[in-house]
Amino acid sequence: MSYDLIKGGEMRRGLVAVVCLAFCGTLLAQERWSNEKPGVWAHDKNTITLTQDGAEYTIKHTAKRDWSFYGFPRIAVKVGELFKLSGEVKLESAGESSAIFSVVLRSGEGEVVAWSYGEAHVRKSSSDWQPVARTFLVPVGVSTIEPRLIGTGAAVVKARGLRIERVAENPYLVTPSSR
């Protein structure tokens, strides 16, 4: 989308798009998704549990290897679209552990392009809620994204308000048919 504030030229149209992308992102939000069918997976069997108390989820993982909290739908995307991941997470651990809110990238054939992209890292262990947020552009070769909270190590992880929103299309992608 572009608007000419002053008649003439591609430079003004591009400038308006950049200014709008930088300052109006949340105003352009078209769609939002939240965790509809929550579930957990762990590399080591019988080492993970999930409980829910209202809008708050608690993941308890007792092993060293990786785990995943999933349930967002796969979202159809276009190259260059801008998305924002956000929410709040608590990471409680006595040892080495991590938690990351990110998306799985998949090609048009459903093949995984990247298991973790657009990563919003949770800071080291804390009993306080930590905001997690990351904005990212969809790269070339990707047709769907699937948000999830992932991590490694034994920990109690609490999450609330995890969501993803489509913020904008990339104003720099111009095709001959869009001129």
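**Figure 1. The second largest pocket is lined by 6 nonpolar, 2 polar and 4 charged residues.** In this count Ala, Val, Leu, Ile, Met, Phe, Trp, Tyr, Cys and Pro are nonpolar, Asp, Glu, Lys and Arg are charged, and the others, Gly among them, are polar. The model is predicted: local features need pLDDT of at least 70 and side-chain atom pairs pLDDT 80 or more, while totals for chains, interfaces and linings use all residues. Numbering starts from 1 along each chain as its sequence is written, and side-chain values use heavy atoms, with hydrogens and water left out. Trp41, Asp66, Trp67, Ser68, Tyr70, Val104, Arg106, Trp115, Glu146, Arg148, Ile150 and Gly151 form the lining of the second largest pocket. Strand E5 (66-70), strand E8 (98-106) and strand E11 (144-152) are the elements that each give two or more residues to this lining. The volume of the second largest pocket is about 180 Å³. On a 1 Å grid over the protein atoms alone, a pocket is an open set of points where a 1.4 Å probe fits, with protein on both sides within 12 Å along at least five of seven lines, and a lining residue has an atom within 4 Å of a point. Points are joined across faces, edges and corners, and the volume is the space filled by probe spheres set on them.

**Figure 2. The protein has 1 helix and 12 strands.** Helices (H or I, at least four residues) and strands (E, at least two) are DSSP runs numbered from the N terminus. The order of the elements from the N terminus is α-β-β-β-β-β-β-β-β-β-β-β-β. Of the 179 residues, 40% count as buried; buried means under 20% relative accessible area, exposed over 50%, and partly exposed in between (1.4 Å probe, protein chains only). Among contacts with a separation of 6 or more, 74% join residues 24 or more positions apart, a contact being heavy atoms within 4.5 Å.

**Figure 3. Phe83, Tyr117 and Phe136 are linked into a cluster by ring pairs.** The structure holds 4 aromatic pairs. Rings of Phe, Tyr and Trp (its six-membered ring) pair if their centres lie within 6.5 Å, and the planes count as stacked under 30 degrees, edge-to-face over 60 and tilted otherwise. Phe83 and Phe136 are stacked, at 5.9 Å centre to centre and 15° between the planes. Phe83 belongs to strand E7 (residues 82-92) and Phe136 to strand E10 (residues 126-137), so this pair ties together parts 53 residues apart in sequence. Phe83 is buried, at 0% relative accessibility, and Phe136 is buried at 5%. The ring centres of Tyr117 and Phe136 are 5.7 Å apart with the planes at 90°, so this pair is edge-to-face. Tyr117 is in strand E9 (residues 112-121) and Phe136 in strand E10, 19 residues apart. Tyr117 is partly exposed, because its relative accessibility is 28%.

**Figure 4. The charged end of Arg160 sits over the ring of Trp129.** The distance from this end of Arg160 to the ring centre of Trp129 is 3.9 Å. A charge sits over a ring if NZ of Lys or CZ of Arg is within 6 Å of the ring centre and within 35 degrees of the ring normal.

**Figure 5. Ser86 is a buried residue of strand E7.** The relative accessible area of Ser86 is 9%. Apart from neighbours within four places in sequence, Ser86 contacts Phe101, Val132, Ala133, Gly161, Leu162 and Arg163.

**Figure 6. Pro139 lies in the loop between E10 and E11.** With a relative accessible area of 23%, Pro139 is partly exposed. The C-alpha atoms of Pro139 and Val79 are separated by 5.5 Å, although the two residues are 60 residues apart along the chain.

**Figure 7. Lys37 is in the loop between strand E1 (31-34) and E2.** Lys37 is exposed, with 67% relative accessible area. Between the C-alpha atoms of Lys37 and Tyr70, 33 residues apart along the chain, the separation is 7.7 Å. Not counting residues up to four places away in sequence, Lys37 touches Tyr70 and Gly71.

**Figure 8. Asn46 has a positive phi of about 60°.** Most residues other than glycine have a negative phi. Asn46 is not a glycine, and its place is the loop between strand E2 (39-42) and strand E3 (48-53). Asn46 counts as exposed, at 81% relative accessibility.
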